[in-house]
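Here are my notes for a colleague opening this entry for the first time. Please read them with the structure in view.

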Amino acid sequence: MGRVTERRKVLRIRDGAVSSRPDTLVAEEPLEIRLNGRPLAVTMRTPGDDFALAAGFLVSEGVLATASDLQNIVYCAGATVDGSNTYNVVDVKTSPGVVIPDITLERNVYTTSSCGLCGKASLDAVRTTARHPIADDPALRVEPELLAGLPDRLRAAQRVFDRTGGLHAAALFDEDGELLDVREDVGRHNAVDKLVGRALQGGDLPLSRTILLVSGRASFELAQKAVMAGIPMLAAVSAPSSLAVDLAAETGLTLVGFLRGGSMNVYASEERIVLRTAAARG
């Protein structure tokens, strides 16, 4: 199985001084996801939590919604011409009776940023396939001060980032700000899939009373993954995209961007943010 990090020799130049030294880099390898024996998708990922990644991806595609939908996940032996196992191909087998939607490569799965679907078509795709509509009843209520402290807690939990500086991270917190899980990956969408997949495997979907924090920007794809997992709040340390804001507004997802220090922007469903006075809205 692939390693999370690898070592490479680099030429280091610091203030005119030249030296040669090994450097620790994050590993990046392809993962092919097969569904009931049929090739479905390929993603570039950091090895590790591959089964969770595949499961989370299929939650976002509307295939899996509960642990009972999943029969098993295995690495495919004989994935190469010589019959060796590369640990870069997984096959997800669904339980009998699980209905498989039309998610072929030819259809260009709408979760990818290059899919060609946009605007209302993408919003409709999420709305019609979501099996865990956001339903935090009573509604999640979070104070800005609690949100402001989450990025530091995420950063402190990024073990591989400390060694490489080259990973995205996603974390789940409960409504009291307690860290539930954190995953790292070279792809921000993979980090979220690993979180959601682990929740599915543990029987914890929907994640109706959690906050999802991502280390980069909030794209449509990440907002979609939050919605499909029933997560009511998505926060990002960087900017959201316009379509992410549209999706959040339509589905009731609270979307927070530019979460840095004590400042943040709330782009949708602000009712979950506890404001001390009405004047704070001005």
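1. Start just after helix α7, where Gly 230 has a positive phi of about 75°. Helices here are DSSP runs of H or I with at least four residues, numbered from the N terminus. The model is predicted: local features need pLDDT of at least 70, side-chain atom pairs count only at pLDDT 80 or more, and totals for chains, interfaces and linings use all residues. Residues are numbered from 1 along each chain as its sequence is written, and side-chain values use heavy atoms, leaving out hydrogens and water.

2. Helix α7 itself spans residues 220-228 and is mostly covered, with 9 of its 9 residues buried. Buried means under 20% relative accessible area, with a 1.4 Å probe and protein chains only. Among the buried residues are Glu 221, Gln 224 and Lys 225.

3. Just after α1, Gly 62 takes a positive phi of about 80°.

4. Where is Asp 136 found? Asp 136 sits in the loop between α2 (120-129) and α3 (144-148). Asp 136 counts as buried because its relative accessibility is 9%.

5. Now the partners of Asp 136. A polar atom of its side chain lies 2.8 Å from the backbone nitrogen of Leu 140.

6. Leaving aside residues up to four places away in sequence, Asp 136 touches Ser 208, Arg 209, Pro 232 and Arg 272. Contact means heavy atoms within 4.5 Å.

Note on methods:
Buried < 20%, exposed > 50% of the residue type's maximum accessible area, 1.4 Å probe, protein only. Helix = DSSP H or I, 4+ residues; strand = E, 2+ residues; numbered from the N terminus. Polar contact = N/O pair within 3.5 Å; in protein donor to acceptor, adjacent residues only side chain to side chain.
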